[in-house]
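Please open the model in your viewer and keep the selection panel at hand. The stops below are given in the order in which they may be selected.

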Amino acid sequence: MTRTIAIVGGGLSGTLTAVHLMRRAVEADLKIVLINRSGLLARGVAYGTRSADHVLNVPAARMSAFEDDEGHFLRYAQTQEPGVQGGTFVRRGLYGDYLEWTLHQAQAQLTEPQRFEHRCEHVESLELTDHGTVLHFGQGSSLEADRTVLALGHFAPADPRLDDSTVLASTRYVRDPWRADALSRIGRDEAVLLLGTGLTMVDIALALEARGHQGPMISLSRRGLLPQPHRTGGAPPIGITLPDELLAGPPDLKHWLRIIRTQCDTLADQGIDWRETLASLRNATPDLWQRLDHRQRAQFLRHVQAYWDVHRHRLAPALNERLRALLKSGQLQVRAGRLQSLQAGEAGGLTAVYRPRGGHGATSLRVGHVINCTGPSTDLKRAREPLMQSLLACGQATPDKLGLGLATGDHYALLDAKGRPSPVLRYLGPFLRAQYWECTAVPELRRHAKALAEVLCAERLAALAH
């Protein structure tokens with residue numbers, strides 16, 4: 001009997017998993033059901049935007065959906081926008097179009113088209129059966145599946161932890177900056193507090209600028225670090241050989257950091273940019289992460305992550321120029337400190353109180369709106385997502401111990417509350433960070449999508465052989 005594989009989530013992870021499964025659907029006797037609630041295929045938070053200001057943070061030449069065909073996306077992009085070159089940082093919306101086109105191409109090549117189905121539904125819960133799962137949708141309908149892949153992407157930012165959180169219900173606080181109407185209430189001349197100084201903050205600051213915003217924008221994070229820019233030109237990495245003592249030595253976070261700094265300094269003396277070292281670390285990062293024990297991983301998150309993120313997740317050169325112009329004009333100000341409270345003002349607006357980094361006093365700001373730009377939340381227990389809450393409540397899923405995402409085992413199996421791998425539930429997406437650290441960008445997720453599809457097909461072929 002044909003095996004049904006349900007994929008919950010139609011963003012990058014779900015789309016690429018479906019594409020790889022469709023390539024072997026007939027051979028493995030599979031039916032693939034791709035489920036997403038928006039109805040927009042291959043979009044998600046990252047690629048659903050249509051704004052020309054929102055561009056990829058990686059050059060076009062390195063954004064192929066397929067590791068064995070690096071020019072796949074570039075060729076598509078050039079058919080849509082002939083001026084695109086390998087080093088171009090293209091619109092994110094164009095990349096969403098590409099993923100949708102890739103999915104439709106795979107579907108068109110199916111010799112038995114009925115083996116793929118797209119359903120626009122909201123999965124609220126699922127239950128395990130003797131042979132698989134039953135997915136329950138928001139309108140009371142359901143679907144039986146032999147295997148279910150949870151391809152859940154990013155969740156909205158988590159609210160700041162405040163002693164008095166009542167103000168967070170105010171329309172002057174914007175929890176999700178990616179909501180379609182997130183900026184619609186903000187007055188042209190009012191002061192805005194942006195919580196966070198990373199890539200999300202840059203996107204929102206530039207979006208406000210594009211809307212003609214004239215008021216001051218104050219960006220606040222604990223360390224006040226801004227993303228580093230990519231080099232202009234978009235040349236591919238040259239391939240630096242990493243030191244043997246990093247790859248083969250004992251797991252020691254402090255020692256590893258010294259090695260990486262020394263490598264960057266040595267190469268700088270040879271005229272080689274530090275970005276080459278970061279690029280060379282990419283493939284080694286999962287192994288290095290898994291060699292660290294819990295204590296050292298926690299140390300990394302506490303002391304190093306903020307610096308890693310601004311160097312690893314970089315900004316397109318054109319956006320960096322606009323960001324620097326906003327900083328130079330003084331319209332955008334970056335401050336380092338910890339938010340302590342938010343209160344509604346008597347004459348409207350909000351009063352934010354924060355403690356500057358390294359200081360003992362408190363500083364107050366009067367602003368019209370506060371926008372949460374802290375980036376996607378990994379605190380699954382606070383996520384406002386019915387399916388995730390249902391999985392956690394039933395013990396079918398559990399957060400990892402460091403709060404980075406979901407606990408998973410071999411072959412992407414979801415671990416339950418007792419640490420047992422599920423035979424029928426798999427996870428693919430950014431919450432694999434707990435296991436691999438690097439799993440939010442296309443080069444990593446495309447590799448995982450292919451590997452998961454191979455696991456599911458091999459499992460099915462082995463069952464057919466018996």
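**A guided selection**

Begin with Cys 264, which is buried at a relative accessible area of 15% (buried means under 20% relative accessible area, exposed over 50%, partly exposed in between, with a 1.4 Å probe and protein chains only). The model is predicted, so local features need pLDDT of at least 70 and side-chain atom pairs count only at pLDDT 80 or more, while totals for chains, interfaces and linings use all residues. Residues are numbered from 1 along each chain as its sequence is written, and side-chain values use heavy atoms, with hydrogens and water left out.

Next, select helix H7 (residues 253-269) and helix H8 (residues 274-281), whose axes come within 8 Å and cross at roughly 135°. H7 is therefore oblique to H8 (under 35 degrees counts as roughly parallel, over 145 as roughly antiparallel, 65 to 115 as roughly perpendicular and the rest as oblique). Show the side chains in contact (heavy atoms within 4.5 Å): Ile 260, Gln 263, Cys 264 and Leu 267 from H7, with Trp 274, Thr 277 and Leu 281 from H8.

Now select Cys 457, which counts as buried at 0% relative accessibility. A search for disulfides (cysteine sulfur atoms within 2.5 Å) across the whole structure finds zero.

Finally, move to helix H12 (residues 386-393), where Leu 387, Met 388, Ser 390, Leu 391 and Leu 392 are buried. Their cover includes strand S1 (3-8), strand S4 (123-128) and strand S7 (147-150). Just after H12, select Gly 395, which takes a positive phi of about 75°.

Notes: Axes are lines fitted to C-alpha atoms, for helices over the stretch in contact, and angles run from 0 to 180 degrees between N-to-C directions. Helices (H or I, at least four residues) and strands (E, at least two) are DSSP runs, numbered from the N terminus.
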